[in-house]
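The tour below moves from one selection to the next.

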Amino acid sequence: MAGIYIHIPFCRKACNYCDFHFSTSLRYRDDYVEALLREIDIRLQHWSQQSFNTLYFGGGTPSQLLPKHLSSIFKQLQHHIDLPQMEEITFEVNPDDITPEYLDFLSNLGINRLSIGIQSFRDEDLQQMNRAHNAREAEAALHTAFAAGFQRLSADLIYGIPGLSDQAWLDNLNRAADAGINHLSCYALTVEQGTPLAKQIRERRYEAPSEEQAAKQFAVLQNWASEKGFEHYEISNLARHGARAVHNSSYWKGSAYLGLGASAHGFSDMERYSNVANNQRYIRALQEGHPEQMTEKLSPENRYNELILTGLRTSDGLSLESFGELGEPYSEMWLSSWERSPHREIIARKSNSFVLKAEHWFQADGIAADFFII
Ligand code: SF4
């Protein structure tokens, strides 16, 4: 089974830490949706033998689309795939776009999971990050989503924000849990090159986030999760029983996925493509009849490294079977490097899986890199 990811590159405001592909101008929104409809046709004709079980609208901010845009996208998808059979259809929304009418519309389309960009329940954090919503709207968004009948709700939260105390971080987590959320995606604030946040720090107008604070608040998150009955199933993701994100989990398992929209990536058969990350070029290319993309053929070594990186970030761990597509030498290579590694004691073998002990999760990427074939 494969997943479909659709990128909607429009946002109301530019958050100061964000380096995703988006535009705050809606000038090309109609043309973008037209181009997306063409890409859906082209790519799904190529992938006609593939079964899909998840659909994910990410961004940008998908809730910047109007009902007329979404109706045409769903109609086009329905020409190729059986949408009512989809196990999970997720839609990212920002609190400032949430109204009961909009959510009713999403629900009637068959969207059965919302991912809400809360980030913090504190006005000072939201203002500093230049988010388009305030704390009151963040809280109200969760209640409106439940009232609209969505049971599968995820909230994004950010930790390691300068000025966010451990207690304030705990309060944010509790507010999400108390509202009834059954899934959380929690990320450390990171400074990406070229963002307004990087500029503020460079010009000494804002404090750089501290690694030490982030590590401490990650530990707060781990303790909180076990006390509250959330399963911490991937470094950045926590779920109540049965509420794991199916779409994102398939990335970590190495399944195929189709990416649609400007800057979206797709992957299958050791090949990855990425669409141009520019709305006007994306639109023009599809008006001319084909997507503008880069294609990368992954070497077995690249794929081996990726499987280790993603596997060691999950509570299910890295499974020997995941090397199956690369052939036996790679699972043997992993086994012999693990047996000889100084990290052997902190990566537990559970049958055919290798699980990094929870107390080392914050350093998971660095530990994984020590196993890479360079
Ligand atoms: S709403 Fe999301 S995608 Fe848009 S600027 Fe903010 S963080 Fe980035």
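Select Tyr273 first, then Thr295 in strand 12, which stands opposite Tyr273. The coordinates are a predicted model, in which local features need pLDDT of at least 70 and side-chain atom pairs count only at pLDDT 80 or more, while totals for chains, interfaces and linings use all residues. Residue numbers start from 1 along each chain as its sequence is written.

Now extend the selection to residues 293–297, which form strand 12. Strand 11 and strand 12 run antiparallel and are joined by 5 bridges. Strands here are DSSP runs of E with at least two residues, helices are runs of H or I with at least four, and both are numbered from the N terminus. Two strands count as paired if DSSP finds at least two bridges between them.

His265 has Ser274 of strand 11 as its bridge partner. What lies between strand 10 and strand 11? The two strands form a hairpin with 2 residues between them, and Asp269 in the turn has a positive phi of about 50 degrees.

Move to helix 1 (residues 29–46) and helix 10 (residues 279–287), whose axes are 9 Å apart and meet at an angle of about 50 degrees. Axes are lines fitted to C-alpha atoms, for helices over the stretch in contact, and angles between N-to-C directions run from 0 to 180 degrees. The two helices are therefore oblique to each other, given that angles under 35 degrees count as roughly parallel, over 145 as roughly antiparallel, 65 to 115 as roughly perpendicular and the rest as oblique.

To display this contact, select Asp31, Tyr32, Ala35, Arg38 and Glu39 in helix 1, together with Asn279, Tyr282, Ile283, Leu286 and Gln287 in helix 10. Contact requires C-beta atoms, placed from the backbone, to lie within 7 Å. By class, these residues are 5 nonpolar, 2 polar and 3 charged.

Finally, colour domain 1 (2–252) and domain 2 (300–369) separately; such bounds come from an automatic or database domain assignment. Their centres, taken over C-alpha atoms, are 28 Å apart. Across the boundary, 9 residues of domain 1 are in contact with 8 residues of domain 2. On the domain 1 side, helix 8 (211–228) and strand 7 (231–234) each give two or more residues, and strand 7 gives the most, with 4 residues.

Methods: Two residues are in contact if their C-beta atoms, placed from the backbone, lie within 7 Å. Ala, Val, Leu, Ile, Met, Phe, Trp, Tyr, Cys and Pro count as nonpolar, Asp, Glu, Lys and Arg as charged, and the others, Gly among them, as polar.
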